[in-house]
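Subject: Handing over the structure, with notes

Hello,

Here is the structure I promised to pass on to you, and my notes on it follow below. Please keep the model open while you read, so that you can find each place as it comes up.

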Amino acid sequence: MTGTACPGTATARACANIALVKYWGKRDAARNLPAAGSLSLTLGALVTETTVSFEPALAADELVLDGVTARLADLRRTSVFLDLIRSQAEIRTRARVTSKNEFPTASGLASSASGFAALAVAATAAAGLALSPRELSILARQGSGSAARSIYGGFVRMHAGHEANGSDAFAEPVEPIESRLADRVRMVIAVVGGGAPKSHGSRDAMDHTAATSPFYRAWIDLVPGDLAAAERALAAGDLAQLGTLAEANALAMHASALAARPAIVYWQPATLALLAEVRALRDRGHAAWATMDAGPHVKVLTTIDEADAVAAALRAVPGASAVTISGPGGPATVTA
Ligand code: DP6
């Protein structure tokens, strides 16, 4: 893996993902190593496209996000990430990075997972590095833990690993043969709050939970069993088992955050109304199980046959500002 003589430009696309067994806590913050494994579904409707251009004339890295010059904090995080690639490619050239989220609403769904996966794939290609998917996953993880999973399509599992250098903390796809569900699942995404910026970013919130929540240890102890059960459900093609597990796991993650001091509360009134509607849908015999990340939005796991009915029910909930149906997405790829 050596750098080419003339680094250039590349564009990549990556999808966001939603965890069904959540990543919430680190074993090493400096290397961004997760404290436990996780399991996700890559979402085809939420795509980030990123172009990286290494340009000798640049004195500093530049970052434009959705047409706007990025905030200094975002630029710094991008530069630190690009430094990993520069050191591997043995180049010093600064880069112009242009990234846009092709998300169905302009709405608080913006994802560091698709962002760092697209950046990892575009920047390594532009730097002339040919990395394997596993190497890309390890690299993307250093930008954002959830980005390690967005290198792959479909159902994806992330390993916490044991090595201090993170060489075994990578994601890999759940093989289709192990998952009879990949073709028939859908995720219905209900946006709450019109896309206002979230109260606490996931990075700070998980650190605060780990540092102060009396339930953090219980949460971390819960994850391996949930992961094993989720993998059994995937292997059996049992969506009800997977959905039940995913909903319980998301609520347990939020319980650990709610118990932090001071508390981290992502929920808004519409969040609770949506969760109640998901339970009501189940009571009426529909396949619908909720999950939530570090924000007020509710994402509902369902089937291709039931997605329209679930979306219609969620649209009728006051405070749900936009509802979108997503199928599974594919792996992160270089497009130009
Ligand atoms: C709630 O991947 O954003 O979405 O590694 O600090 O960048 P960092 O965290 P990030 O955390 C994602 C948290 C989550 C759960 C998940 O995606 O598994």
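Leaving aside its neighbours within four places in sequence, which residues is Ser53 in contact with? They are Gly8, Thr9, Arg94, Ala95 and Arg96. Please bear in mind, here and throughout, that this is a predicted model.

Ser53 itself lies in strand β4, and because its relative accessibility is 11%, under the 20% limit, it counts as buried. The side chain of Ser53 is also joined to that of Glu55 by a polar contact of 2.9 Å.

The nonpolar cores

The largest nonpolar core has 45 residues, and those with the most contacts inside it are Trp24, Leu39, Phe155, Met187 and Leu242. Two or more residues each are given to this core by β1 (9-21), β4 (38-54), β10 (185-192), α4 (202-212), α5 (216-236) and α6 (239-258). The largest share, nine residues, comes from α5. As a general background to such a grouping, nonpolar side chains in soluble globular proteins tend to be buried together.

A buried serine in a helix

When residues up to four places away in sequence are not counted, Ser256 touches Trp24, Thr209, Ser213, Phe215 and Trp219. Trp24 in that list is also one of the residues with the most contacts inside the largest nonpolar core.

The cavity and a pocket

How many cavities of 30 Å³ or more does the structure hold? The structure holds one, and the volume of the largest cavity is about 40 Å³. Its lining is made by Tyr23, Pro34, Ser38, Arg141, Gly145, Ser146, Arg149 and Met158, and these residues divide into three nonpolar, three polar and two charged.

The second largest pocket has a volume of about 260 Å³. It is lined by 14 residues, of which Ala30, Asn32, Val80, Gln142 and Arg203 lie nearest its centre. The elements that give two or more residues to this lining are α1 (72-89), α3 (133-143) and α4, with the largest share, four residues, coming from α1. Sorted by class, the lining of this pocket has six nonpolar, three polar and five charged residues.

Backbone points to look at

Asn32, named above among the residues nearest the centre of the second largest pocket, is placed in the loop between β2 (26-28) and β3 (33-34). Its phi is near 55 degrees, which is a positive value in a residue other than glycine. Asn32 counts as buried because its relative accessibility is 3%, under the limit of 20%.

Glu90 also has a phi near 55 degrees, again a positive value in a residue other than glycine, and it is placed in the loop between α1 and β7 (95-102). With a relative accessible area of 73%, over the limit of 50%, Glu90 is exposed.

Finally, please look at Gly153, whose place is in the loop between α3 and β8 (155-158). Gly153 and Leu41 are 112 residues apart in sequence, yet they are 7.6 Å apart in space, taken from C-alpha to C-alpha. Leaving aside neighbours within four places in sequence, Gly153 is in contact with Thr42, Gly329, Gly330 and Pro331.

With best wishes

Notes. Residues are numbered from 1 along each chain as its sequence is written. This is a predicted model: local features need pLDDT of at least 70, side-chain atom pairs count only at pLDDT 80 or more; totals for chains, interfaces and linings use all residues. Side-chain values use heavy atoms; hydrogens and water are left out. A nonpolar core is a set of buried Ala, Val, Leu, Ile, Met, Phe, Trp, Tyr and Cys residues joined through side-chain atoms within 4.5 Å. Buried means under 20% relative accessible area, exposed over 50%, partly exposed in between (1.4 Å probe, protein chains only). On a 1 Å grid over the protein atoms alone, a cavity is a set of points where a 1.4 Å probe fits but cannot get out, and a pocket is an open set with protein on both sides within 12 Å along at least five of seven lines; lining residues have an atom within 4 Å of a point. Grid points are joined across faces, edges and corners, and a volume is the space filled by probe spheres set on the points. Ala, Val, Leu, Ile, Met, Phe, Trp, Tyr, Cys and Pro count as nonpolar, Asp, Glu, Lys and Arg as charged, and the others, Gly among them, as polar. A polar contact is a pair of N or O atoms within 3.5 Å; within protein, one must be able to donate a hydrogen and the other to accept it, and residues adjacent in sequence count only if both atoms are side-chain atoms. Contact means heavy atoms within 4.5 Å.
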